[in-house]
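Have the structure open as you read, and take the points in order.

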Amino acid sequence: MKKNNPKFRIGDTVVVTIYGTVGKITNIKQLDGEYLYEVNESEGLFKEYCLVLLEDYEGHIFEQEQIDIEYHFLFGDLVKVKGYEQDLFKVVGFRTEIWRYKDDAWEDVIYELMRISDGEWLEADEDELTLIADSEQADAYIQKYGFVFATPKPKGQNLLSSPIKHKGSWVDRQLDLYNDYKTLHRMFKDTKYKKKMQTILEQLKNYSETKSKIREKE
């Protein structure tokens, strides 16, 4: 049987109908006889029914925007957190939440932190953090001054949630992402999925090494 040709070609300008956004086809993949399309080199793939050529689209098109986010803290940085001034935390992750309303718009950067003294986890806004040492100086700083921040909390004061209860899901999410990229790499042999897998493994390795250092000090 003669195989059907893809409906779109690389370079076609299309509208992603589920979002109402415009982009160009940058790659085409095939899975189980079905064509999947990459738009604007994004990680996601769209099925044909989600796309329409720009000249054939009759719906409303949302204007795309370019958002530049400046991160003031990076992986491995040591910080203090407002409300936990006696503790020292390490940045282990961060995310950006984008908010859009009819008459207002803003972006929030949320940092995922691990307390050096006991490995407890916390999330905090950017304006709640103060840099103590960057990632390159972090280990040396902990070895020299870390014991200062390991003081116990007064009774009755709220402590952070259990890392197993609160943030064990972070590890699970990383493993889920790793498995997703592994599946995509196995299907399409695309090196960018391999690079994503390696990044996740490095993050998990850094997490494990930091936890080991904490246990050695206890």
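1. One term first: a residue is called buried when its relative accessible area is under 20%, exposed when it is over 50%, and partly exposed in between. R95 has 30% relative accessibility, so R95 goes down as partly exposed. Keep R95 in mind, as it comes back below. Also bear in mind that you are looking at a predicted model.

2. Now the overall layout. The chain has 4 helices and 10 strands. Reading from the N terminus, the order is β-β-β-β-β-β-β-β-β-β-α-α-α-α. The chain has 218 residues, and 32% of them count as buried.

3. Start with the open sheet of 5 strands. Its order is β4-β3-β2-β1-β5, and the pairing is antiparallel. Which strands stand at the edges? They are β4 (46–47) and β5 (51–53); each has a single partner strand, so one side of each has no neighbour in the sheet.

4. Strand β3, residues 34–39, runs antiparallel to β4, with 2 bridges between them. Here L36 has K47 of β4 as its bridge partner. β1 and β2 are also an antiparallel pair, this time over 4 bridges, and V15 sits opposite V22 in β2. On to β1 and β5: these pair in the antiparallel sense over 3 bridges, with V16 opposite L51 in β5.

5. Take a look at G20 while you are there. You will find G20 in the loop between β1 (13–16) and β2 (21–31). The hairpin of these two strands has 4 residues between them, and G20 takes a positive phi near 75°. Is G20 buried or exposed? G20 is buried, since its relative accessible area is 2%, and the cut-off for buried is under 20%. G20 and G59 are 39 residues apart in sequence, while their C-alpha atoms are 7.7 Å apart in space.

6. Next, the charged pairs. How many salt bridges does a search of the whole structure find? The count is 5. One of them joins D87 and R115, with the closest N and O atoms 3.3 Å apart. This pair links distant parts of the chain: D87 is in strand β7 (residues 84–100) and R115 is in strand β8 (residues 105–115), 28 residues apart. Both ends are under cover: D87 is buried at a relative accessible area of 2%, and R115 counts as buried at 4%. D87 and R115 also belong to a network of salt bridges that takes in D118.

7. Back to R95, as promised. The side chains of R95 and E112 meet in a salt bridge, at 3.6 Å from N to O. E112 is buried, with a relative accessible area of 6%, whereas R95 is partly exposed at 30%.

8. R95 has another salt bridge to look at, with E123, where the closest N and O atoms are 3.2 Å apart. R95 lies in strand β7 and E123 in strand β9 (residues 121–125), so this pair ties together parts that are 28 residues apart in sequence. E123 counts as partly exposed, at 32% relative accessibility.

9. Last, turn to the surface. Which residues gather in a patch of positive charge? They are K182, R186, K189 and K194. Of these, K194 lies in helix α4, which covers residues 191–217. K194 has a relative accessible area of 45%, so K194 is partly exposed.

Note on methods. Residues are numbered from 1 along each chain as its sequence is written. This is a predicted model: local features need pLDDT of at least 70, side-chain atom pairs count only at pLDDT 80 or more; totals for chains, interfaces and linings use all residues. Side-chain values use heavy atoms; hydrogens and water are left out. Patches are made of residues with over 30% relative accessible area and no salt bridge: like charges are joined within 9 Å, nonpolar side chains (Val, Leu, Ile, Met, Phe, Trp, Tyr) within 5 Å. Accessible areas come from the Shrake-Rupley method with a 1.4 Å probe; for residues, only the protein chains shown count as cover. A salt bridge is a side-chain nitrogen of Lys or Arg within 4 Å of a carboxyl oxygen of Asp or Glu. Lys and Arg count as positive and Asp and Glu as negative; His and the chain ends are not counted. The place of a charge is taken as NZ of Lys, CZ of Arg, CG of Asp or CD of Glu. Buried means under 20% relative accessible area, exposed over 50%, partly exposed in between (1.4 Å probe, protein chains only). Two strands pair if DSSP finds at least two bridges between them.
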